[in-house]
Amino acid sequence: MFSLLFLLVVCLLLGVPLFFLSRWVARKFVDGQAAQQAATWIATVVLTLLVFCGIAAAVFFFAFGEDAKYSFDAEKWAKKPEKRYQMVEDLVYYDLLQGMTPRQVGELLGRPDHVDPKGVWTYWVGSRTEKDDVLQIDFYEGRVKAVQGPYTGTEYEEVKAVVPDVAQ
């Protein structure tokens, strides 16, 4: 009941100014009073629906848009590598990988796209911008010690400096 009342109020708030705008345009460009009234009402209804749908689409896009962040889901991670950046924040901020062994990480995330000589695993996570973004996982003594993803606010080199180099 509340949502129906809300829709009615929103349509009235949109429709009243659009009615006066439509009436002004109809008086300027349409001949005959009956034709002006018909044009005014048709334009008001159509414009109200278009504006309402436009606002609803914009709200929906910003709330659930392409770059929305999602909770980590191993199935989505495997099926849509180009959209992994939407789940990276979960992995980094909530320390979901912290303390895992390389085997556990591999079972959860799959094979890394790159492993450097020092044992840092790199996963491509898609891209929000023109450059590719990656998730980097650093292991120390067989456990995850540092995880760095794009847009996480901490430079990977700073995180890595806290963990002694395994190769030394």
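**Exercise 1.** In this predicted model, work out how strand 3 is joined to strand 4 and what sits in the turn of their hairpin.

*Solution.* Start with the pairing: strand 3 (residues 134-140) and strand 4 (residues 143-148) run antiparallel, with five bridges joining them. Next, pick out a facing pair: Gln136 is opposite Gln148 in strand 4. Finally, check the turn. The two strands form a hairpin with two residues between them, and Glu141 in that turn has a positive phi of about 55°.

**Exercise 2.** Now find how strand 2 joins strand 3, and decide whether Thr122 is buried or exposed.

*Solution.* First, the strands: strand 2 (residues 121-124) runs antiparallel to strand 3, and four bridges join them. Tyr123 stands opposite Leu135 of strand 3. Then take Thr122, which is in strand 2. Its relative accessible area is 11%, and the cut-off for buried is under 20%, so Thr122 counts as buried. Lastly, look at who touches it: beyond four places in sequence, Thr122 meets Pro112, Asp113, His114, Val134, Leu135 and Gln136.

**Exercise 3.** Track down the largest nonpolar core and say which elements give two or more residues to it.

*Solution.* Begin with the core itself: it has 19 residues, and Trp77, Val105, Leu109, Leu135 and Ile137 have the most contacts inside it. Then go through the elements giving two or more residues: helix 4 (85-93), helix 5 (102-109), strand 2, strand 3 and strand 4. Helix 4 supplies the largest share, five residues.

Technical notes:
Residues numbered from 1 in each chain as written. Predicted model: local features only at pLDDT ≥ 70, side-chain atom pairs only at ≥ 80, totals over all residues. Heavy atoms only, no water. Buried < 20%, exposed > 50% of the residue type's maximum accessible area, 1.4 Å probe, protein only. Contact = heavy atoms within 4.5 Å. Pairing = 2+ DSSP bridges. Core = buried A, V, L, I, M, F, W, Y, C linked by side-chain atoms within 4.5 Å.
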